[in-house]
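Hi,

Here is the structure I promised to pass on.

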Amino acid sequence: MRKIKVGIIGTGFIGPAHIEALRRLGFIEVAAIADVNQEIAKQKAELLNVEKYYGDYKELLKDPEIESVHVCTPNYLHYKIAKDALLANKHVICEKPLAMNSSEADELIRIAKEKKLVNAVHFNLRFYPLMHHAKKMIEEGELGQIFAINGSYQQDWLFYDTDFNWRLLPEFSGDSRAVADIGSHWLDLIEFVTGIKVNEVCADFATFYPIRKKPLKPVETYAGKLLSPEDYEEVKIETEDYATVLLKFNNGAHGSMTVNQVAAGRKNRLYFEIYGSKKSISWDSERPNELWIGRRDGTNEILIKDPSLLNPYAREITSFPGGHNEGFPDTSKQMFKKVYKYILQDGHLKGETPDFPTFEDGRRELFLCEQIVKSAKENKWVVIE
Ligand code: SOE
């Protein structure tokens, strides 16, 4: 099998996760990284064991060996870097959100199409084996008609007013924070698993800390928990810590999603319950190898991830036997496996439908998020066209 050489742009919290997942595939070489300047790029290259490094991503894009790039920078750079990468004829795997708004995403979709390049957005949570299993259960009618979907995505890494990160600032992160950062994962996962679409939203936003204390040095995502910075400046916070969104779906189902980044004890917990006319299911990302199946007339079950018990669609993305738990790092590995197999098999040139989240999915989440922000601002239901 041909080895594909890949470049990673941005090596904060998520860049190294991409690198580790890619290396586990065996047929990918992480050939280069780029970061904000030469000195940091050199340090990170040594730390991450990558041969080539660039202090300017544009230099990485000129490297003819690099076939595809992973955009792992803060949000406000995604659009610019993804666009430059496509124009340099590289396939692009971008972190979410794909851009700062849906019109930028439209442009990226257009360029990728014109240039026939593979494009993906890292909605990795779809790649927990039990999420693939649940999708097929619903597709095959096991739950019956979907009536209601409720859930949440909650974290505590921004719990104190001294917790600080670029994600808090709209100029780096976008107009929405909790909904865009973690609600986007929940919405993407729910639409993927159920196959139905959100078509109306009504949102309530809250910012519990309208002022936060910003440490005078930058802090990487999640790293703040390990620091006790002494010098701060006060910063006005314009993005939401919390949101509850009422949802209506295009099959007539109703639902709600709560997101909260100030939820003590919830480290990084996505939770949902899906209620159908025959059965229900629920899932908690902090116990990702267990799927609860609920019945009115009969015993409830907990399905434990075990390839011998999963449908073939889910089995395909399962690497270990039952009892050998798979978790967050495995989701990226499974997603990238699909992306790079598609590249190797020229799926993009043959017009094959990708079996991973693409820029279209990235655009969908940006658009949903824009409508949710609109609903919160105008205090009313907004119809998703
Ligand atoms: C930070 O809130 C964050 O890292 C998100 O940006 C990720 O997408 C999610 O994986 C976990 O939390």
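Predicted model: local features only at pLDDT ≥ 70, side-chain atom pairs only at ≥ 80, totals over all residues.

Residues are numbered from 1 along each chain as its sequence is written, and side-chain values use heavy atoms, with hydrogens and water left out.

The domain assignment gives domain 1 (4-117) and domain 2 (127-325 + 365-383); such bounds come from an automatic or database assignment. Their centres, taken over C-alpha atoms, are 25 Å apart. Across the boundary, 16 residues of domain 1 are in contact with 17 residues of domain 2 (contact means heavy atoms within 4.5 Å).

Now the holes. A cavity here is a set of points, on a 1 Å grid over the protein atoms alone, where a 1.4 Å probe fits but cannot get out; lining residues have an atom within 4 Å of a point. Grid points are joined across faces, edges and corners, and the volume is the space filled by probe spheres set on the points. There are 3 cavities of 30 Å³ or more.

The largest cavity holds about 70 Å³. Its lining is made up of Lys96, Pro97, Leu98, Phe123, Ala180, Ser184, Gly362, Glu365, Leu366 and Cys369. Two or more of these residues come from each of helix H8 (178-194) and helix H12 (359-378), and H12 gives the most, with 4. (Helices are DSSP runs of H or I with at least four residues, strands are E runs of at least two, and both are numbered from the N terminus.) By class, the lining has 6 nonpolar, 2 polar and 2 charged residues; Ala, Val, Leu, Ile, Met, Phe, Trp, Tyr, Cys and Pro count as nonpolar, Asp, Glu, Lys and Arg as charged, and the others, Gly among them, as polar. Because domain 1 and domain 2 both give residues to the lining, this cavity lies between them.

The second largest cavity has a volume of about 60 Å³. Among its lining residues are Asn75, Arg167, Arg177 and Asp181, along with Lys96 and Pro97. This lining splits into 2 nonpolar, 3 polar and 4 charged residues, and at least three residues come from each of domain 1 and domain 2.

On to helix packing. Helix H5 (residues 102-114) packs with H12 at about 170 degrees, the axes being 9 Å apart. (Axes are lines fitted to C-alpha atoms, for helices over the stretch in contact, and angles run from 0 to 180 degrees between N-to-C directions.) That makes the pair roughly antiparallel, a label for angles over 145 degrees. Residues meeting there include Leu108 and Ile109 in H5, and Leu366 and Phe367 in H12.

Finally, the backbone. The peptide bond from Lys96 to Pro97 is cis, with omega near -5 degrees. Pro97 sits in the loop between strand E5 (91-94) and H5. Asn49 has a positive phi of about 60 degrees although it is not a glycine, and lies in the loop between helix H2 (38-48) and strand E3 (52-54). For context, most residues other than glycine have a negative phi, and most peptide bonds are trans.

Cheers

Terms used
1 Å grid on protein atoms, 1.4 Å probe; cavity = no way out; pocket = protein on both sides within 12 Å on 5 of 7 lines; lining within 4 Å. Parallel < 35°, antiparallel > 145°, perpendicular 65-115°, else oblique.
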